[in-house]
Amino acid sequence: GYAAASFNLAKLDIAERKYDAARSRYEQMLAKDPKNEPALLALAELLAGTKAPEAEVRGVLDRAVAANPQSVRARIMLIGFHGQQGNWPAAMAAARSAHASLPESPQILEALAATQHAAGETNQAIETYRRAAERMPENAAPLLRIAELQVLTKDYDGAIEIRAAARDPGS
């Protein structure tokens with residue numbers, strides 16, 4: 001349909017470094033459907049990649065979250081954007097808001113834990129990674145993050161125990 005064709009044309013524009021044309025295509029899609037999550041997120045990526053003003057990128061990501069509050073991808077992009085800007089209070093606020101809206105999402109829990117760690121809340125991050133690990137027992141990544149943080153807090157026995165569990169996830 002129209003949206004798929006527009007996305008493909010926008011990708012071609014980006015490949016040819018015609019960023020204004022790609023932006024225009026995304027904005028046309030959003031004029032027809034203001035809550036179009038893929039278009040909002042693609043526009044945010046384009047703006048961030050072309051060094052648009054921080055407020056403009058943040059505005060598009062805020063629109064994406066407001067239009068699609070249950071979107072894990074939109075929320076993680078917003079958290080990540082704030083983190084890349086070094087704005088940890090905003091990243092933490094976005095992560096906490098995401099967790100409040102999607103408390104069972106392992107991806108949101110991982111993003112919250114990473115943000116807590118970056119903000120210096122190591123013990124809180126360990127607990128959050130534990131909750132993520134409980135929700136995806138087949139994935140060793142949260143356990144490995146716990147082990148890394150336990151080493152930082154000099155809990156070597158705990159780190160060894162967790163690493164052993166990470167070698168055999170789901171057991």
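User: Which residues of helix 2 are buried?
Analyst: In this predicted model, the buried residues of helix 2 are Ala-22, Tyr-26, Met-29 and Leu-30.

User: How are those buried residues arranged, seen down the axis of helix 2?
Analyst: They fall within an arc of 100° when helix 2 is seen down its axis, so they line one face of the helix. An α-helix has 3.6 residues a turn, so residues three or four places apart point the same way.

User: And what does the face turned away from the buried side carry?
Analyst: That face of helix 2 carries the exposed residues Asp-20, Ala-31 and Lys-32.

User: Which helices do the buried residues of helix 2 pack against?
Analyst: The buried residues of helix 2 pack against helix 1, helix 3 and helix 4.

User: What about the span of helix 2, how far apart are its end C-alpha atoms?
Analyst: The end C-alpha atoms of helix 2 are 20 Å apart, which agrees with the 20 Å that its 14 residues should span at 1.5 Å a residue.

User: Switching to aromatics, how many aromatic pairs does a search of the whole structure find?
Analyst: The search finds one aromatic pair. It is formed by Phe-7 and Tyr-26, whose ring centres are 5.8 Å apart and whose planes stand at 55°, so the pair is tilted.

User: Which parts does that pair tie together?
Analyst: Phe-7 lies in helix 1 (residues 2-15) and Tyr-26 in helix 2 (residues 19-32), so the pair ties together parts that are 19 residues apart in sequence.

User: Are Phe-7 and Tyr-26 buried or exposed?
Analyst: Phe-7 is buried, with a relative accessible area of 17%, and Tyr-26 is buried as well, with a relative accessible area of 4%.

User: Which residues touch the most other members of the largest nonpolar core?
Analyst: Tyr-26 and Leu-61 touch the most other members of that core, which has 34 residues. The elements giving two or more residues to this core are helix 1, helix 2, helix 3, helix 4, helix 5 (72-84), helix 6 (88-101) and helix 7 (106-118), and helix 3 gives the most, with eight residues.

User: What does Leu-61 touch?
Analyst: Not counting residues up to four places away in sequence, Leu-61 touches Leu-41, Ala-44, Met-77, Leu-78 and Phe-81.

User: Over to helix 9 then, which of its residues are buried?
Analyst: In helix 9, the buried residues are Pro-142, Leu-143, Ile-146, Ala-147, Leu-149 and Gln-150. They cover an arc of only 165° around the axis, which puts them on the same side of helix 9.

User: What do the buried residues of helix 9 pack against?
Analyst: The buried residues of helix 9 pack against helix 7, helix 8 (122-135) and helix 10.

User: Which residue with a positive phi follows helix 9?
Analyst: Helix 9 is followed by Lys-154, whose phi is positive, near 65°, in a residue other than glycine. Lys-154 lies in the loop between helix 9 (141-152) and helix 10 (156-167), and at 61% relative accessibility Lys-154 counts as exposed.

User: Where is Lys-51, and what is its phi?
Analyst: Lys-51 is in the loop between helix 3 (37-49) and helix 4 (54-67), and Lys-51 has a positive phi of about 60° although it is not a glycine. Lys-51 is exposed, with a relative accessible area of 72%.

Conventions:
Residues numbered from 1 in each chain as written. Predicted model: local features only at pLDDT ≥ 70, side-chain atom pairs only at ≥ 80, totals over all residues. Heavy atoms only, no water. Helix = DSSP H or I, 4+ residues; strand = E, 2+ residues; numbered from the N terminus. Buried < 20%, exposed > 50% of the residue type's maximum accessible area, 1.4 Å probe, protein only. Phe/Tyr/Trp six-rings, centres within 6.5 Å; stacked < 30°, edge-to-face > 60°. Expected span 1.5 Å × (residues − 1). Arc of directions from axis to C-beta. Contact = heavy atoms within 4.5 Å. Core = buried A, V, L, I, M, F, W, Y, C linked by side-chain atoms within 4.5 Å.
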